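Thank you for sending this model along; my notes follow as numbered points, moving from the sheet to the overall dimensions, the backbone and finally the surface.

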Amino acid sequence: MSKKELKFNSKTIHGGQQPDKAYGAVMPPIYQTSTYAQSTPGGHLGYEYSRSANPTRTALENALASIENGEYGMAFASGLAAIDAVMKLLEPGDEVISTSDLYGGSYRLFKRVYEKFGITFRFVDMGHVNHIKEQINAKTKLVWIETPTNPMMNIIDIKAVSEITKNHGLLLAVDNTFATPYLQRPLDLGADIVMHSATKYLGGHSDVVVGALVVSDKELADRLYFIQNASGAVCGPMDSFLTLRGIKTLHVRMQRHCENGEAIAHFLNNHPKIEKVYWPGFEDHPNHKVAKDQMSGFGGMISFVPKGGSYEDAIKIVEKLKIFTLAESLGGVESLAGHPASMTHASIPKAEREKSGVVDALIRLSVGIEDVEDLMDDLEQALA
Ligand SMILES: Cc1ncc(COP(=O)(O)O)c(C=O)c1O
């Protein structure tokens with residue numbers, strides 16, 4: 001059986017992998033080298049310089065392509081470096097349509113870095129895909145989506161958006177950081193580019209900052225490889241190794257994240273001190289049906305607003321948490337809590353972020369894989 005035909009859980013372990021050529025090492029060694037000996041100019045064993053390619057990074061890139069059902073993977077120094085590479089496909093004058101509810105750092109990169117190079121970003125609520133159609137014009141080149149969105153857990157119908165982008169000859173890029181390919185595979189749903197902050201669930205242990213892109217089209221891959229090498233924000237060998245190791249347990253971790261996430265979502269929803277819980281697994285979530293169709297579970301990310309909550313109330317709650325660590329980031333084995341208005345989304349102007357629901361009292365949880373009773377007890381004491 002070819003490794004391409006493996007089921008998902010087997011792909012996380014074997015996809016795109018082979019024993020190392022030198023000594024048969026089952027895990028690729030950390031090729032901590034910048035350069036490679038040549039017998040004559042151009043006479044080398046496939047590697048010349050580690051910005052262009054490195055064997056440990058190649059092993060990770062092959063794993064990334066495999067788990068996302070793509071052909072070509074690219075590993076970057078961070079999630080934002082991966083998004084940056086996609087933006088460099090564009091020319092001054094081009095337009096991008098992006099979801100209005102997205103990671104604050106992506107918004108900052110679009111507005112504060114790329115707008116000044118003459119690229120226009122139109123932010124729309126993509127809960128209804130028709131909003132995208134209204135913004136398309138002759139200059140539109142790319143649609144950028146995140147689903148579930150950070151931090152409002154909105155769901156965007158990837159297949160429906162891809163029908164629009166295909167009809168108009170646009171590229172569709174999906175930030176798949178929250179769902180991971182365990183829950184959702186955007187290329188199978190018609191996307192052209194999948195992006196990850198592999199810092200999160202793919203790495204899974206809060207010990208790396210890494211980004212990823214996966215595509216299926218050779219010409220698009222060549223353009224992105226060119227940018228990756230020309231701009232140079234590549235993932236180093238040690239981080240490639242750690243991310244690859246993380247991917248090998250992605251499926252078992254995600255299974256537990258989903259179980260714990262579901263239990264915590266219901267716990268909060270039934271709690272007298274909670275006003276609103278955002279989690280796509282609830283039947284009354286506005287796009288629950290789309291989530292059910294395009295995802296195989298609902299993940300471990302949850303946002304909530306305490307009753308009558310103010311900025312200060314939210315801060316008090318996150319300060320009182322003991323097992324949930326107050327920290328930026330998400331997707332690690334340990335549970336984290338964040339206050340988007342002052343942390344991950346502080347780079348979005350208040351009026352702008354409140355339009356998409358990121359109010360001052362909103363708290364975001366990345367539910368880890370600890371015993372769920374301990375997590376509930378922790379939330380109970382923090383809400384008391
Ligand atoms: C959804 C999403 N996309 C992109 C990023 C950026 O990734 P990185 O921090 O690895 O640069 C993040 C980081 O939090 C994120 O949550």
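1. Two strands are taken to pair here if DSSP finds at least two bridges between them. With that criterion, this predicted model contains an open sheet of five strands, in the order β8-β9-β12-β11-β10 and with mixed pairing. Because β8 (274-278) and β10 (325-326) stand at the edges and each has a single partner strand, one side of each is left without a neighbour in the sheet.

2. Within that sheet, strand β11 (residues 336-338) and strand β12 (residues 363-366) run antiparallel and are joined by three bridges.

3. Taken as a whole, the protein chain has 14 helices and twelve strands, and its C-alpha atoms fill a box of roughly 70 × 50 × 35 Å along the principal axes. The radius of gyration is 21 Å, which agrees with the value near 21 Å that a compact globule of 384 residues would have.

4. Which residue has a positive phi although it is not a glycine? This is Met153, with a phi of about 60°, and Met153 is found in the loop between β4 and α6 as well. For context, most residues other than glycine have a negative phi, and most peptide bonds are trans.

5. On the surface, a patch of positive charge gathers Lys273, Lys316, Lys320 and Lys322. Of these lysines, Lys316 can be located in helix α12, which covers residues 311-320.

6. A surface patch of negative charge is formed by Asp371, Glu373, Asp374, Asp377 and Glu380. Glu373, one of its members, lies in helix α14, which covers residues 372-383.

Terms used: Residues are numbered from 1 along each chain as its sequence is written. This is a predicted model: local features need pLDDT of at least 70, side-chain atom pairs count only at pLDDT 80 or more; totals for chains, interfaces and linings use all residues. Side-chain values use heavy atoms; hydrogens and water are left out. Patches are made of residues with over 30% relative accessible area and no salt bridge: like charges are joined within 9 Å, nonpolar side chains (Val, Leu, Ile, Met, Phe, Trp, Tyr) within 5 Å. Accessible areas come from the Shrake-Rupley method with a 1.4 Å probe; for residues, only the protein chains shown count as cover. A salt bridge is a side-chain nitrogen of Lys or Arg within 4 Å of a carboxyl oxygen of Asp or Glu. Lys and Arg count as positive and Asp and Glu as negative; His and the chain ends are not counted. The place of a charge is taken as NZ of Lys, CZ of Arg, CG of Asp or CD of Glu. Helices (H or I, at least four residues) and strands (E, at least two) are DSSP runs, numbered from the N terminus. The radius of gyration is taken over C-alpha atoms; the globule rule is 2.2 Å times the number of residues to the power 0.38.
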